[in-house]
Amino acid sequence: MTNPEKNNPGLLSSLLGGITGGGIQVVDLTMTLDQKSPTIVLPPELGQSWPFRMEEISRYDHRGPAIYWNNISCGEHTGTHFDAPIHWISGKDLPNNATDTIPPEMFIAQACVIDCSADAAEDPDYLLTIEQVEAWEEKHGRVPPRSWLLMRTDWSLKSNPVDYLNLDAAGAHTPGPHEDLVPWLIDERDVIGFGGEAVGTDAGQAQHFNLPYPCHHLMHGRGRFGLPALTNLDKLPPSGSLLITPPLKIRQGSGSPVRVLALVEPQA
Amino acid sequence: MRRHNYEGVAVCVPVTVPYSRYSLKSAHWFCGRALADLISKAGIEKNEVDGFCVSSFTLNPDSAVGLTQHLGVSPRWLDHIPMGGAAGGVALRRAARAVQSGDAEIVACMGADTNHVDTFRQTIATFSQFANDAVYPYGSGGPNSSFAFLTDYYMREYGATREDFGKICIAQRENALDVPHAMMKRPLNMEQYLNARIIAEPLRLFDCVMPCAGAEAFLVMSIERAKSLDLDYATILSTIERHNAFPEDPVQIRAGWAVDADDFYEHAGIGPEDIDVFQAYDDYPIICFMQIEDLGFCAKGEAAAFIADRNLTTQGDFPYNTSGGQLSAGQAGAGGGYLGIVETLRQLTDQTLGKAVPNAVHGLASCFGMINYDRGLCTSAAILKRSAA
Amino acid sequence: MTRKLSPPKRKNPIKRTRLPTMPPGNRSREAHGLTAMAASGRFALQTCEECEAVQYPPRQICSNCLSDALEWRDVSDGGTLLAETTLLHSNDLFFRDRLPWRLGIVVADVGPSIVVHLAEDCVQGERVRMSLDIDRAGHAIVTARTEKPSTNEEDDLQLREMKFNPKDRRVLIVDGKTELGLGLAKAFADAGARKIFVGEAQPWRVSPHLEEIRKMENVNIMPLDVTDSDSVEELAAMIGDKVEIMVNNSYHLRSGGLIDRFDLNVAHDEMEIHYHGLIRLAGEFGPVMRARGSDGHHGSVAWLNVFSAYAWVNNPALGTYSASQAAALSLSHCLRAELAEGGVRVVNAFIGPIEDEWNQLAPPPKLVPEATATRIVGALKKGIEDIPIGAVAEEIIQRMVENPKEIERAIKS
């Protein structure tokens, strides 16, 4: 027998109540893992990440009459995924830098969503600047510490992988953070990480920055995380949503595909 | 060294197990029925037959050995002759020597085969290593294609026509009409022959033998024994056999008889002009032409002219394949190799199934077999003589 | 003059597709010596080392001098047609479907009489030239043609059964992004292929070769990634029943051996593309190709794999690559056995280093992609089963046959 006296509706019950009928909306920010989804394109002489692949084990047939299941394989950084600090050389010696050692509470954090979709539509190489974040803060308040900074570009709406990767002879052309923004977000706003809709958190042309790949180098170097290849960012409010982002607990994993869920409070 | 003669040897009791196009019976059954018929007609017990000569394509996996247990006989002399169409003549000469030397007293010689629905195809599909490797994969025509080659080559070489071959087939058909078990029961005319459907050019339907089930058999014993059993018999004037003759001929245009014919007639003491009835091996008419030539009835290439002004029926001036031959009676597998001997024996002992050739004293039976690759390898022949004469 | 083959009509949807049947395949070990000669396009017969007598059909003892020293020697392919027949009846289902069928006996200049499949234009008494070909059951046979090639000779329906002429057939080139892929597309177009399907993996990686192919006529570029089971399945569902010649030119060359470049990922990619890729292609396209082996005069006939000659012997500089090629080569033998049930034959081309980016450091001679493709398609037309292309490949295979231990050691330098 449980004692109703002792089981007062607590915080979690309130949360659950909010989710099951109280207006808290659960938004799925994850792309479907599909064999046709591209992985990041690197020069062919470098090591390559495996694409997502799936082979049927059985489908109610002679291989398993009652069972349908598959073997899957992919690189850690496939589809919507979580970048751990150990992913980059700058984060290699940090404590708790891998998927199995990051404290689990770090996988729950609020999100600030900055809408750059109009800019990205105009310029695929669009870079998000400090000024634009400050302009956002004018309207929505200061980016709180330990929150995700998510860059909405609507890039994930490009269903054709060719358009999504947007490669030419000079490399990829996809939006990302300006190299000045990254240290500012860490030092001035203490974000938990940066997320976006393109195949990586850094811009497509980021290898040509003065500090190449700043979002990887600096974020991971300072123990922050990355969330690339998000989708449905247009369904999030600019602020106040809560992200749940636990990667698979891979020993010394540098990241993993992740089902990113956002809890969105009803608008007042 | 001069060849020994066949003095004292009698050939008797011609037996035919009636032919059928297809049979559910086994080759063992046909051998058994032939043996039963032989001893019944000879008036002897089974165990009095102490020698066996057996030829069959369809005894597999058995040979003559398995047959002894199957039929419950304990012969002291046993031969299995896998020479197909040439087996009858070979069986006769071996059995004769066994009897002459005393190694056996009564030898039953039999060629017997069954014909299930798929037997023929299976037989030709696994006929020989050379055939498997170098003939059957080429259209899988079986003997039709091999004899088509020989016919085509012969026709071009000697100018023979289809009408020439037709004459043989038509005469044989006429002879067959009096034989109850013959497969072909209707007369054949030249128009039907010439316009029959093409099988393998230049061969048409009536050039090709029809496979069937059946058996042919006879007994060889001493003349004394035949007399004591009161059996009509024939004696043997000569026999020959030859294998892989003329390997240097690029296409077969003559066969082993041509090597041995002179010796044959010399040994027999008679010539081709003395032959009263002639049984030629006849799965296709081309091979009949070769026998007529190679056995000295005419010169090479002249068979067409030879038969042109002769009547080949039982009542004619050149009685030939008097039971209709295989072309009309059917080809009972290895039985076809014994048919010529048995029919000659019937003619010389007045036991014909069809019409008898009047006053036949000397009969020649000739045998041919085994298209191992591009040609038939085995030939044999025997001259028999009516005993009363 | 051979009757010209009319181009295929569209398939009548209510007409049943004939099930594949095979010509008789029961051959002795000795006869498979002929198959080995036919597979490499040679006209060689057993010749006695002691008395020089040429033997046919194959055997183990010289029919002239009884020596057992018979070796396969290239001999003159000339002869004279002595006798012929046209079969309108056959005991075998394969030939029954294809009557009339023409045969002959040729007396070879080197001696033996040979039963042959006969081309339409051969005339009795005249000179012919023979070749060793491989029939739909996968075994050697001898065919004879007129001494001078006759007009439309390649349209001869009987001979077409022994060859893989792309004329009027539809081809799938698995990888259109390589230099060789482009060369093959051009060569098949030149050979009169009715349609050329060209696979494109990872469409976001632009290839100038594929762009070139895109400009050609009768070409359909289709998504195909041999590392992706779904992709292979989807394409097979779409065009599997139209592919009459499969051209598996999957190519993923990365240099490095075992100790000198210990990297499972590279090895994995090579196996994914060369080995598992072949499995996926075979599993999805194999069944329908096999079922269409007797689908008229234009039914499916051949599965061509373009392999490296290092499938025969490991080149340590390309250690894992060579191994993946060897694995695929082994698998091709399994595929050959299984496709043989439908009369579809597996042809393997073995190429030396080709002039491309990944062979930058390979010493010359290097193959020119377009010429290589032309030679591969030419060999297909001739019905050759193993096609070494270029001096490097020819030498490797020859040295492997002569002394595998020697080349195994020598290849590193």
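**Chains B and C**

I started with the contact between chains B and C, which takes 32 residues from chain B and 31 residues from chain C. I count two residues as in contact if their C-beta atoms, placed from the backbone, lie within 7 Å. This is a predicted model, in which local features need pLDDT of at least 70 and side-chain atom pairs count only at pLDDT 80 or more, while totals for chains, interfaces and linings use all residues. For bookkeeping, residues are numbered from 1 along each chain as its sequence is written, and chains are lettered from A and ligands numbered from 1 in the order in which they are written.

Which elements of chain B supply at least two residues each to the side that touches chain C? I found helix H4 (119–125), helix H5 (129–134), helix H6 (143–158) and strand S5 (198–200). Helices (H or I, at least four residues) and strands (E, at least two) are DSSP runs, numbered from the N terminus. H6(B) gives the most to this side, with seven residues. By class I get 17 nonpolar, nine polar and six charged residues on the side of chain B that touches chain C. Here Ala, Val, Leu, Ile, Met, Phe, Trp, Tyr, Cys and Pro count as nonpolar, Asp, Glu, Lys and Arg as charged, and the others, Gly among them, as polar.

**The other pairs**

I then looked at chains A and C, where the contact takes 11 residues from chain A and 10 residues from chain C. On the chain A side, strand S2 (53–61) and helix H4 (161–165) give two or more residues. The largest share, three residues, comes from H4(A). The side of chain A that touches chain C has six nonpolar, three polar and two charged residues.

Two pairs of chains touch, and chains B and C make the most contacts. Chain A and chain B do not touch, and I get 37 Å between their nearest C-alpha atoms.

**Inside chain B**

Chain B is divided into domain 1 (9–118 + 212–233) and domain 2 (126–208 + 235–329 + 343–386); the bounds come from an automatic or database domain assignment. Their C-alpha centres lie 23 Å apart. The contact takes 23 residues from domain 1 of chain B and 25 residues from domain 2 of chain B. On the domain 1 side, strand S1 (9–20) and helix H3 (87–101) each supply at least two residues. I noted 16 nonpolar, four polar and three charged residues on that side of domain 1.

**Helix H10 of chain C**

Helix H10 (residues 390–402) of chain C has 13 residues and reaches 18 Å from its first C-alpha to its last, close to the 18 Å expected at 1.5 Å a residue. The expected span is 1.5 Å times one less than the number of residues.

Which residues of H10(C) are buried? They are C:Gly390, C:Val392, C:Ala393 and C:Ile396. They cover an arc of only 130 degrees around the axis, which puts them on the same side of H10(C); the arc is that of the directions from the helix axis to the C-beta atoms. The face turned away carries the exposed residues C:Ala391, C:Gln398, C:Val401 and C:Glu402. My cut-offs: buried means 20 or more other C-beta atoms within 10 Å of a residue's own, exposed 12 or fewer, and partly exposed in between, with C-beta atoms placed from the backbone. The buried residues of H10(C) pack against strand S14 (345–351), strand S15 (386–389) and helix H11 (404–410) of chain C.
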